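Please look over the sequence and the model below before reading on.

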Amino acid sequence: MANAQEFIDEMPEGLQTEIGERGASLSGGQRQRVFVAQGLAQGGDILLLDEPAAGMNPTEKVELIRLIQQVQKQFNLSVLLVEHSMKVVMGVCSRIAVLDYGVKIAEGTPQEIRSDPKVIEAYIGTRRSRN
């Protein structure tokens, strides 16, 4: 839990820092690190992360990618990631399944996904309307 101690040490008053109701005084990145720590505290072999980059700025996303990679290695965990930020997905995942409106349209490595015509059409866009 070195990351937890590092996180605590970064706070203005360490463990005594007031974070407000439901972590209101934490940044988005700090809140997400707390959520990752909560997931680790539960134990198990799989860490489920649902939109961990939501509300993060680009710098926080880079920090999140590093944190997830470190957690994977340090705790030998598999990570199930649900995420819209392609930067985070490509930075963390070795295998990716892509859904479009709940239907799986592709599965593969990051390199395969980047060049998949269905993924390009759905997410980069040759469609005019997605009703």
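In which loop does Glu 51 lie? Glu 51 belongs to the loop between strand 1 (46-50) and helix 3 (58-75). The model is a predicted one, and in it the phi of Glu 51 is near 55°, a positive value in a residue other than glycine. Most residues other than glycine have a negative phi.

Asn 76 also has a positive phi, of about 50°, although it is not a glycine. Asn 76 sits in the loop between helix 3 and strand 2. Its relative accessible area is 68%, and exposed means over 50%, so Asn 76 is exposed.

Is Ser 85 buried or exposed? Its relative accessibility is 11%; since the limit for buried is under 20%, Ser 85 counts as buried. Apart from neighbours within four places in sequence, Ser 85 is in contact with Ala 53 and Lys 61.

Gln 111 lies in a helix, namely helix 5 (residues 110-114). With 55% relative accessibility, Gln 111 counts as exposed, because the limit for that class is over 50%. Gln 111 and Met 90 are 21 residues apart along the chain, and their C-alpha atoms are separated by 8.7 Å.

The next topic is empty space. Rolling a probe the size of a water molecule over the atoms shows where such space is left. In this model the largest pocket holds about 680 Å³. Which elements each supply at least two residues of its lining? They are strand 2, helix 4, strand 3 (96-100) and helix 6 (117-125). The lining consists of 26 residues, and Leu 81, Val 82, Glu 83, Ile 96 and Ala 97 lie nearest the centre of the pocket. By class, 17 of the lining residues are nonpolar, 5 are polar and 4 are charged.

Finally, the whole chain. It has 6 helices and 4 strands, which follow one another along the sequence as α-α-β-α-β-α-β-β-α-α. Of the 131 residues in the chain, 32% are buried. Among contacts with a separation of 6 or more, 44% are between residues 24 or more positions apart. The chain exposes about 8900 Å², and carbon and sulfur atoms supply 52% of that area.

Technical notes:
Residues numbered from 1 in each chain as written. Predicted model: local features only at pLDDT ≥ 70, side-chain atom pairs only at ≥ 80, totals over all residues. Heavy atoms only, no water. Buried < 20%, exposed > 50% of the residue type's maximum accessible area, 1.4 Å probe, protein only. Contact = heavy atoms within 4.5 Å. 1 Å grid on protein atoms, 1.4 Å probe; cavity = no way out; pocket = protein on both sides within 12 Å on 5 of 7 lines; lining within 4 Å. Points joined across faces, edges and corners; volume = space filled by probe spheres on them. Nonpolar A, V, L, I, M, F, W, Y, C, P; charged D, E, K, R; others polar. Areas by Shrake-Rupley, 256 points an atom, 1.4 Å probe, with all protein chains shown as cover.
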